[in-house]
Amino acid sequence: MPVFIRNLSLEYLVKDGVLDSDQMLEMYKAARWRSAHGAFYMVHTLPSGVEFIFRAVRDGEDIRILGTDTHLSGRCLWTAMPFFNATAKDADALSAVVACTNQAQDGVFVAHLVNAAVLPPLEEGQSITMQMVAFPFVLESYTSREAYEESYTANPDEARFPTLLTDKRVFPLNFMMKHDPDIPEEQRNQSLADDIVLICGPVLAVREAPFSNPDAQEKSFSVATIATQFGHLDVAFASDMVLGPPCVTGSYVVFSGMLSANVAVNGLENWIE
């Protein structure tokens, strides 16, 4: 999963276009270790609630880092049933991208599972609980649902997104276009990224996150909690990512982005003391 520098105001960690290895090493050294069936996740939490998660395995007597995820801790929990493994073939063993549905099976979303390897083997139809956060690429803000509908219908050809989303919808457009049995095989674009979703919903609350590093940052980021068909969802973004009026309580937002789902919850934290 990408490290969401802009969404989480982590520019201070970037040096010459890449993450500063010295700062990353300091976070690695300070991280808590989580056991994951023979592998490990090392988690370092910043004062803002941003989590850096180092995916690691044993390599003889050493520990080898396979990659790094970013996540944001929060209180938005969804319960869903994974039904399709959309993980890229070249991904490491501690990464997972899955398509899920809810108990009513009236919706689908695709998410990156953070701390995925803590999960036990799942039986078909088994639900899991996950703490959710969305990272938009760009976020459209409107004063109301009606304002969004009016904007779209006034000029649909110039709309940023290809369809008028149903209220509170989480819509994995690319995944559906690649896997919908009603779409002929020759019309499916297999190069589309499964993990990009379209989301819209009313804003229930907005908060400014604490600084991750007050000595190095000029600004923090915002977290809007919105209502969706699957439950409440935290959305992390920098203020300069917002198109339209400022995102405040009562606004209506529409965006494309990625979902991050932490499954190390409800007794699966697996911390190594």
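A residue is buried if its relative accessible area is under 20%, exposed if over 50%, and partly exposed in between, using a 1.4 Å probe and protein chains only. By that rule Q131 is buried, because its relative accessibility is 4%. The model is predicted: local features need pLDDT of at least 70, side-chain atom pairs count only at pLDDT 80 or more, and totals for chains, interfaces and linings use all residues. Residues are numbered from 1 along each chain as its sequence is written, and side-chain values use heavy atoms, with hydrogens and water left out.

**Q131 and its surroundings**

- Q131 sits in strand 10, residues 128-142. Strands (E, at least two residues) and helices (H or I, at least four) are DSSP runs, numbered from the N terminus.
- The side chain of Q131 makes a polar contact with the side chain of H71 at 2.8 Å. A polar contact is a pair of N or O atoms within 3.5 Å; within protein, one must be able to donate a hydrogen and the other to accept it, and residues adjacent in sequence count only if both atoms are side-chain atoms.
- The Q131 side chain also reaches the backbone oxygen of L72, at 3.0 Å.
- Contact means heavy atoms within 4.5 Å. Leaving aside neighbours within four places in sequence, the contacts of Q131 include S73, G74, S260 and N262.

**Helix 2**

- Helix 2 spans residues 145-154, and its buried residues are R145, A147, Y148 and Y152.
- These residues lie on the same side of helix 2, because they cover an arc of only 165° around the axis. The arc is that of the directions from the helix axis to the C-beta atoms.
- E150, T153 and A154 are exposed on the other side of helix 2.
- The buried residues of helix 2 pack against strand 10, strand 12 (197-208) and strand 16 (252-262).

**Strand 14 and its partners**

- Strand 14 covers residues 231-237; five of its seven residues are buried, so the rest of the structure largely encloses it.
- Two strands pair if DSSP finds at least two bridges between them. Strand 10 pairs with strand 14 in the parallel sense, over two bridges.
- V133 stands opposite D234 in strand 14.
- Strand 13 (residues 222-228) runs antiparallel to strand 14, and seven bridges join them.
- S222 stands opposite F237 in strand 14.
- A hairpin of two residues connects strand 13 to strand 14.

**H44**

- H44 belongs to strand 4, residues 39-45.
- H44 counts as buried because its relative accessibility is 18%.
- Leaving aside neighbours within four places in sequence, H44 is in contact with M27, A30, A31, V50, E51 and F52.
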